[in-house]
Amino acid sequence: MKKFNVNVNSEIGQLEGVILHTPGQEVENMTPQNAERALYSDILNLSVARQEYAQLKGVLEKVATTFEVKTLLTQTLQNSHAKELIINRICEREDAFCEISALHDLPEEELARQLIEGSILKRDNLTKFLSKERFALRPLHNFLFTRDASMTVYNEVLIGKMASPVRDREALIMEAIFKDHPVFGVKTINPMVPIKNIPSSPLASIEGGDVEIAREDVILIGTGVRTTSQGIDYLIESIKEKKTSTKHIIVQELPHTPESFIHLDMTFTFLNKDEVMVYAPLILANNKYQTIHITIDNGDVTDIKLHESLLQALKSVGMDMKPIQCGGTKDDWTMEREQWHSGANFFSIAPGKVIGYERNNYTIEEMSKNGYDIIKAQDIIDNKADINSSEKTVITIAGSELSRGGGGARCMTMPIGRKKVDW
């Protein structure tokens with residue numbers, strides 16, 4: 001298999017490769033009873049969710065190489081050492097040692113399916129018979145949000161340390177893929193592994209929705225319910241270890257409630273070289289949530305200071321960004337409503353060319369006012385419209401069902417390759 005050069009130096013560079021996971025039976029294996037445990041506030045209609053997801057994937061297939069998690073995992077499991085390692089690690093993490101032998105006996109494709117969709121509990125002893133669980137290994141209901149379990153940071157992959165144990169297996173799977181799949185073999189950074197005798201903290205968590213590569217030397221990170229200060233400190237130690245030229249880590253504190261604020265990319269995403277999408281009440285208004293700027297130079301933290309806002313911090317490193325407001329500018333209620341449905345969560349396929357939900361009418365209208373042409377995803381797929389027909393474009397995908405899962409286009413994409421941006 002031909003190697004893929006994993007490298008991401010910005011949020012907006014022309015997309016070359018992306019990892020996706022088309023929602024499958026794991027979504028249908030969710031019930032009202034276990035939805036909250038699965039981090040959902042509602043259950044999704046799989047057939048509708050898949051139709052909507054097909055629009056996202058269809059557009060991405062037009063512009064980049066796309067990889068599916070289940071296919072990558074199946075191919076990775078063909079390596080017997082990788083297969084043994086991932087089975088043992090998952091069963092150890094989830095206290096499912098009695099499943100090891102049965103999982104080893106499965107063909108690779110079926111094993112990949114069960115690791116994602118769930119493995120039914122065999123009631124062959126009293127404890128299992130009395131168990132209220134349906135699955136020995138629970139379904140990965142959140143895996144369509146491939147952004148969170150791994151993050152491409154320059155030419156390495158940071159493995160997510162998930163805030164909730166129900167998502168730990170996603171990170172284990174992504175680490176196995178990047179380490180052992182013949183297409184990748186890239187170096188991974190794992191917060192579970194100590195750096196130079198600095199122990200990994202049990203309080204550390206870091207997820208991809210909170211990590212945005214602004215530029216070759218600037219990383220934005222949100223800290224809130226999913227990413228802790230200890231998780232960010234781990235990334236800082238990793239950067240220090242490389243003794244590189246100056247790097248700027250800009251940290252934005254996030255509210256812990258409501259649940260729509262789980263990640264930075266639910267309130268702030270990059271659209272272009274000089275434009276960003278923002279949820280104004282958090283990003284533009286005066287509030288108690290701090291913006292901290294950490295400077296790292298040649299292996300040392302040389303400065304830590306507060307900034308008035310995220311935009312001001314970016315301006316201090318030469319990134320003067322014009323904010324475009326989620327939900328428009330007229331009504332706080334509309335802003336709040338559209339932010340709840342991932343109205344600030346856009347995914348860039350090139351500078352000024354982004355994908356988002358069509359349901360957020362006021363946000364899309366605001367982008368139109370700022371010079372963005374609006375194109376429906378299906379028109380791109382059917383070759384009725386050209387992505388390159390204008391300099392600034394919003395490609396809208398249907399999202400009535402997908403948005404109820406609590407994420408948008410950026411959440412559902414894990415880019416592994418982007419071209420450099422001519423700043």
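This is a predicted model: local features need pLDDT of at least 70, side-chain atom pairs count only at pLDDT 80 or more; totals for chains, interfaces and linings use all residues.

Colleague: Fine. How does Lys376 count, then?

Modeller: Lys376 is partly exposed, because its relative accessibility is 47%.

Colleague: And which residue forms a salt bridge with Lys376?

Modeller: Glu358 does, with the closest N and O atoms 3.2 Å apart. Glu358 sits in the loop between β17 and α13 and Lys376 in strand β18, so the pair ties together parts 18 residues apart in sequence. Glu358 is partly exposed as well, at 31%.

Colleague: Other topic: how many salt bridges does the count come to?

Modeller: The count is 26 salt bridges. One of them pairs Lys242 with Glu156, at 3.1 Å from N to O. That one links distant parts of the chain: Lys242 is in helix α9, Glu156 in strand β6, and they are 86 residues apart.

Colleague: Is Glu156 buried or exposed?

Modeller: Glu156 is buried, with a relative accessible area of 9%, whereas Lys242 is partly exposed at 35%.

Colleague: What about Lys57, which residue is its salt-bridge partner?

Modeller: Glu68, with the closest N and O atoms 2.9 Å apart. Lys57 belongs to helix α2 and Glu68 to strand β2, 11 residues apart. Glu68 is buried, its relative accessible area being 17%.

Colleague: Last one: which residues do shared partners join into one network?

Modeller: Lys70, Glu110, Arg113 and Glu117, through salt bridges that share partners.

Terms used
Residues are numbered from 1 along each chain as its sequence is written. Side-chain values use heavy atoms; hydrogens and water are left out. A salt bridge is a side-chain nitrogen of Lys or Arg within 4 Å of a carboxyl oxygen of Asp or Glu. Helices (H or I, at least four residues) and strands (E, at least two) are DSSP runs, numbered from the N terminus. Buried means under 20% relative accessible area, exposed over 50%, partly exposed in between (1.4 Å probe, protein chains only).
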